Amino acid sequence: MKILAIESSCDETAAAVVEDGRRIISNIIATQVEEHKLYGGVVPEIASRRHCESIVGVVDEALEKAEMKLDDIDAVAVTYAPGLIGALLVGVNFAKGLAFASGKPLIPVHHIKGHIAANYIAHPELEPPYICLAASGGHSQIMRVESYTKFSTVGRTMDDAAGEAFDKAARAMGFPYPGGLHIDKASQSGDPKKYRLPRPHTAEPYDFSFSGLKTNVINLVHNAEQKGEQLDINSLAASFQYTVADILTSKFVAAAKEFGYKTAALAGGVAANSGLRSMLEERCAAGGIKLYIPPIALCGDNAAMIGSQAYYEYTEAGITADGSLNAAATLPL
Ligand code: KG4
Ligand code: ZN
């Protein structure tokens with residue numbers, strides 16, 4: 001089954017053709033990051049406008065690269081939630097138009113389920129059940145993946161998502177948007193033990209809280225500026241990255257052990273973080289847990305992951321949508 005998938009939830013306009021949930025035939029991404037960088041973060045109105053401008057070309061290119069016409073496709077899939085509402089609506093309306101005009105089924109996909117499905121493309125042997133850590137700009141969640149379409153949440157963030165904390169801490173450190181990658185790079189030449197940062201307490205053992213940690217970094221930078229002191233930014237970046245990775249990894253591995261999982265997966269934009277990847281790999285291996293991580297290219301937003309999840313939504317759960325499909329800014333898994 002060949003699915004044409006569309007993703008426009010944030011600042012990437014993406015389209016892909018994916019076969020049977022596991023094989024990428026084409027995967028096109030038009031990023032707007034350079035423009036949003038000017039403002040230090042995503043400007044929703046600009047994002048919507050750029051999606052409108054790019055979507056026809058991106059979808060055309062995905063079909064062209066796949067050497068297919070719309071007729072060769074079996075279904076159209078689209079991210080409908082969660083994300084920036086104006087941005088999502090561009091993809092949803094375009095997908096609705098394509099599906100309606102071609103008479104193909106329309107499959108709505110939850111963005112975070114798509115991030116998790118990136119693992120199916122990279123790892124043909126991975127099958128549910130397993131436990132998953134999804135960490136992106138908008139989510140930090142530990143989930144039991146019971147089947148391809150059934151998920152239950154074990155823990156979630158009480159405030160900021162991990163990626164959001166990375167981006168805000170990076171901004172205070174003087175890095176451009178999106179800061180996660182810059183913190184990652186700066187960390188390579190920093191001392192992760194130089195700055196002791198707080199590990200916020202949560203009432204529930206597998207919930208997260210990153211807001212206090214982020215504020216601590218921002219205050220540290222501002223205090224140093226006021227006193228005219230020089231901070232070791234590479235070491236501050238390394239200390240921050242180490243702390244976030246340690247919080248995510250400790251809770252995730254503890255949850256995997258408590259619920260008896262021997263298979264685990266990582267997903268979302270923050271899954272690209274080198275410190276998190278290596279710490280998780282090490283601690284999962286030590287705990288006898290087989291860990292799956294998507295390649296860096298499939299960690300960030302893309303449409304191939306949406307095409308993968310769509311295949312399972314359709315074949316496992318029979319999910320389709322009609323012309324009444326709407327986008328939603330927030331939506332639980
Ligand atoms: O999944 P994603 O592409 O978009 C959302 O669904 O939110 O995640 C974007 C987030 C941003 O906060 C970005 O800074 C973060 O992922 N990110 C990273 C790295 N690469 C991207 N964070 C830490 N280290 C990285 N290497
Ligand atoms: Zn995402």
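Predicted model: local features only at pLDDT ≥ 70, side-chain atom pairs only at ≥ 80, totals over all residues.
Local features need pLDDT of at least 70 and side-chain atom pairs count only at pLDDT 80 or more, whereas totals for chains, interfaces and linings use all residues. Residues are numbered from 1 along each chain as its sequence is written, and side-chain values use heavy atoms, with hydrogens and water left out.

Gly-114 lies in α4, residues 111-122 (helices are DSSP runs of H or I with at least four residues, numbered from the N terminus). Gly-114 is buried, with a relative accessible area of 0% (buried means under 20%, with a 1.4 Å probe and protein chains only). Leaving aside residues up to four places away in sequence, Gly-114 touches Val-109, Met-305, Ile-306 and Gln-309 (contact means heavy atoms within 4.5 Å).

Met-305, Ile-306 and Gln-309 are among the buried residues of α10. Ten of the 14 residues of this helix are buried, so α10 is largely enclosed by the rest of the structure. Just after α10, Gly-318 takes a positive phi of about 65 degrees.

Elsewhere, the second largest pocket holds about 170 Å³ of space, the volume filled by probe spheres set on grid points joined across faces, edges and corners. A pocket is an open set of points on a 1 Å grid over the protein atoms alone where a 1.4 Å probe fits, with protein on both sides within 12 Å along at least five of seven lines; lining residues have an atom within 4 Å of a point. Helix α9 gives the most to this lining, with five residues. The lining includes Tyr-242, Met-279 and Arg-283.

How values were computed:
Chains lettered and ligands numbered in written order. Helix = DSSP H or I, 4+ residues; strand = E, 2+ residues; numbered from the N terminus. Buried < 20%, exposed > 50% of the residue type's maximum accessible area, 1.4 Å probe, protein only.
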